[in-house]
Amino acid sequence: YFRTMEKVLSGIRPTGYLHLGNYFGAVKNFLALQDNHECFFFVANLHALTTHPDPLSLSSSVKSVLAEYLACGLDPEKSTIYIQSDVPEISELYTLLNSLAYKGELEKCTSFKEKIRKHEENINAGLLTYPVLMAADILIHRAHKVPVGKDQEQHLEMTRNFAVRFNHRYGVDFFPEPQAFNFSQQLVKVPGLDGSGKMGKSEAEGNALFLRESNESIINKIKKAKTAPSPTEPNSVKPIEIENLFMLMGLVSSKETIQYFEDKYNDCSIQYGPLKMQLAEDIVKFALPIKEKIVDLEKNTDLLGKIAKLGAEKARESANETIKGVKNLMGLKSIWL
Ligand code: ADP
Ligand code: TRP
């Protein structure tokens, strides 16, 4: 009966510590899906190569993301948890899919345009074909649902295009069309603390709140978060900086707390100091148990190793089935072996 269950897959790049954006945009949904889906969650270390990380920091980030996954509640008994580079079938499928992707569509991809704008000195082929590798990640297990944040919508659309193109070219219904997924119906974008854009690992210092951040540092960053002048008219529209603070409250604070500050905003009696203190307190409360688990897990290298090994074995089994099917369909079945 396992085979008929819908498959779920997602990954995060090991480019730094996980932050609240990663948690609420992605990991929270992973947790909710574990119990009634066949799930695959991985650490996307091949994807991290496009920015040329130094080898030591890359491998240490892989360990920290794995520990963070587990600390958040990903369960190796329920889900297949693995490191991308431990499953060579993914790279094989990437090669096979590359000829199905056109230069024009890859160049039009927003994340590509963004990255070449920011890193003119490093426009490599890996950046251009990033969406093909991501499609290989997803299609290798023929996944249906992909829990990700809003910024990944376009990559999912490209994955569907490649899947449909493959099915069409080889005249079969081999790959399902995977959909971006969030339980709240809408994909989430957690704002950063600098008043604009999303919370991200590689944004400016102070923009992101990390799961493992010390209480002190959480409080300091929230204190420094951008605000705007207080409202002077009742029920005015919130400026983006204030909207962002309320949005963060929406993730970690109780309904009553949020209502209390909404009312104060609406009758113009709000003070941003107390609002920030409350927000900081609720974030600290949320992050504390996860942080404690991260610290414990990172010390337990043996356990992390065992989990990665088991995950790679399970993932390769599933990946192999797909690769066999793909090679047969493409005329790559070996006549000699
Ligand atoms: P980052 O953008 O910090 O480098 P990744 O690109 O590795 O993080 O993203 C990993 C997952 O976390 C993806 O599913 C992405 O959509 C999600 N994510 C990252 N930042 C946010 C955010 N600010 N809001 C919502 N989801 C996010
Ligand atoms: N591209 C995603 C990001 O930057 C990470 C990722 C790589 C991913 N492969 C994936 C997400 C497959 C979901 C499914 O956040």
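**Close-up views of the predicted model**

**View 1. Surroundings of Y69 in the predicted model.** Setting aside residues up to four places away in sequence, Y69 touches S10, G11, I12, F30, F41, F42, V43, L74 and I81.

**View 2. A second core, with F40 among its members.** This core is separate and has 40 residues. Besides F40, its members include Y94, L139 and V326.

**View 3. The largest nonpolar core.** This core has 59 residues. Y69 is one of the residues with the most contacts inside it, together with L209, L211, I222, L279 and I283. The element that gives the most to this core is helix α13, which spans residues 272–299 and supplies ten residues.

**View 4. Fold of the chain, with 14 helices and five strands.** The radius of gyration is 22 Å, close to the 20 Å that the globule rule gives for 337 residues, so the chain is as compact as a globular protein of that length. Along the principal axes, the C-alpha atoms fill a box of roughly 80 × 45 × 45 Å. Of the contacts between residues at least 6 apart in sequence, 77% join residues at least 24 apart.

**View 5. Burial, surface and charge of the chain.** Buried residues account for 49% of the 337 residues. The accessible surface is about 16900 Å², and 53% of this surface belongs to carbon and sulfur atoms.

How values were computed: Residues are numbered from 1 along each chain as its sequence is written. Chains are lettered from A and ligands numbered from 1 in the order in which they are written. This is a predicted model: local features need pLDDT of at least 70, side-chain atom pairs count only at pLDDT 80 or more; totals for chains, interfaces and linings use all residues. Side-chain values use heavy atoms; hydrogens and water are left out. A nonpolar core is a set of buried Ala, Val, Leu, Ile, Met, Phe, Trp, Tyr and Cys residues joined through side-chain atoms within 4.5 Å. Buried means under 20% relative accessible area, exposed over 50%, partly exposed in between (1.4 Å probe, protein chains only). Helices (H or I, at least four residues) and strands (E, at least two) are DSSP runs, numbered from the N terminus. Contact means heavy atoms within 4.5 Å. The radius of gyration is taken over C-alpha atoms; the globule rule is 2.2 Å times the number of residues to the power 0.38. Accessible areas come from the Shrake-Rupley method with a 1.4 Å probe; for residues, only the protein chains shown count as cover. Lys and Arg count as positive and Asp and Glu as negative; His and the chain ends are not counted. The place of a charge is taken as NZ of Lys, CZ of Arg, CG of Asp or CD of Glu.
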